[in-house]
Amino acid sequence: MTLTPGTITGKELFWFNNTLVAIHVSSMAGEDGICVVEHHMPYGDSPPLHVHRREDEVFHILEGRLRFQIDGHERIADAGETVIAPKGLPHTYRVESPEGARALTITRGSDFETMLRQASRPAEQPELPPLMEPTPEIIAALVQLCAKNGIDIVGPPLG
């Protein structure tokens, strides 16, 4: 996936599973706890089905196409579209565009950002990390970190 260099220059960059994450606005930056994270995702990327207990999750698609599943309903979203996964509803997505996708994820509160920081590693360069299959140990650690931060894993990724 070709990245637009200007969008992430000077941002905190992390490798979260098989994605590149740039934190544009930390939840600690303002009183309302708004967090804006940019995700660069490869084709086929899909987080496990999960529920945020305390914060809505808003996705604004910058590039590519995502297939969302929210509370059992599926929806395709293309660049320029915005999708909300309300707190308390199980949701996931899958990157459907062969070139990958790029999206902003917006939350209110520190749960999502804290989990990202705890589960990620610093990015060695501003590009997608080498692809890896999650081991049972990585999955167990992620489930535990999510639960600790108000996010419950309730099912598998989209196939």
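Me: How are H2 and H3 oriented to each other, roughly parallel or roughly antiparallel?

Reply: Keep in mind that this is a predicted model. Helix H2 (residues 111-119) packs on helix H3 (residues 136-148) at an angle of about 150 degrees, with the axes 9 Å apart. Angles over 145 degrees count as roughly antiparallel. So the two helices, H2 and H3, are roughly antiparallel.

Me: Which residues of H3 make the contact with H2?

Reply: The H2 and H3 crossing is right-handed. On the H2 side, the contact uses Met-115, Gln-118 and Ala-119. Across from them, H3 brings in Leu-142, Leu-145, Cys-146 and Lys-148.

Me: How many of the residues in the contact of H2 with H3 are nonpolar?

Reply: Take the others out of the way: 1 residue of this contact is polar and 1 is charged. That leaves the nonpolar group, and the count there is 5.

Me: Is strand S10 largely enclosed or largely open, and why?

Reply: Look at burial along S10, residues 101-108. Buried means under 20% relative accessible area, and 6 of the 8 residues of S10 are buried. Because of that, the rest of the structure leaves S10 largely enclosed.

Me: Which residue in S10 is the bridge partner of Glu-57?

Reply: S10 has pairing with strand S3 (residues 34-41), antiparallel over 8 bridges, and there Val-36 stands opposite Ile-106. Strand S5 (residues 57-63) also runs antiparallel to S10, joined by 6 bridges. For Glu-57, the bridge partner in S10 is Thr-107.

Notes. Residues numbered from 1 in each chain as written. Predicted model: local features only at pLDDT ≥ 70, side-chain atom pairs only at ≥ 80, totals over all residues. Heavy atoms only, no water. Buried < 20%, exposed > 50% of the residue type's maximum accessible area, 1.4 Å probe, protein only. Helix = DSSP H or I, 4+ residues; strand = E, 2+ residues; numbered from the N terminus. Pairing = 2+ DSSP bridges. Axes fitted to C-alpha atoms, helices over the stretch in contact; angles between N-to-C directions. Parallel < 35°, antiparallel > 145°, perpendicular 65-115°, else oblique. Left-handed = near helix turned anticlockwise from the far one by under 90°. Contact = heavy atoms within 4.5 Å. Nonpolar A, V, L, I, M, F, W, Y, C, P; charged D, E, K, R; others polar.
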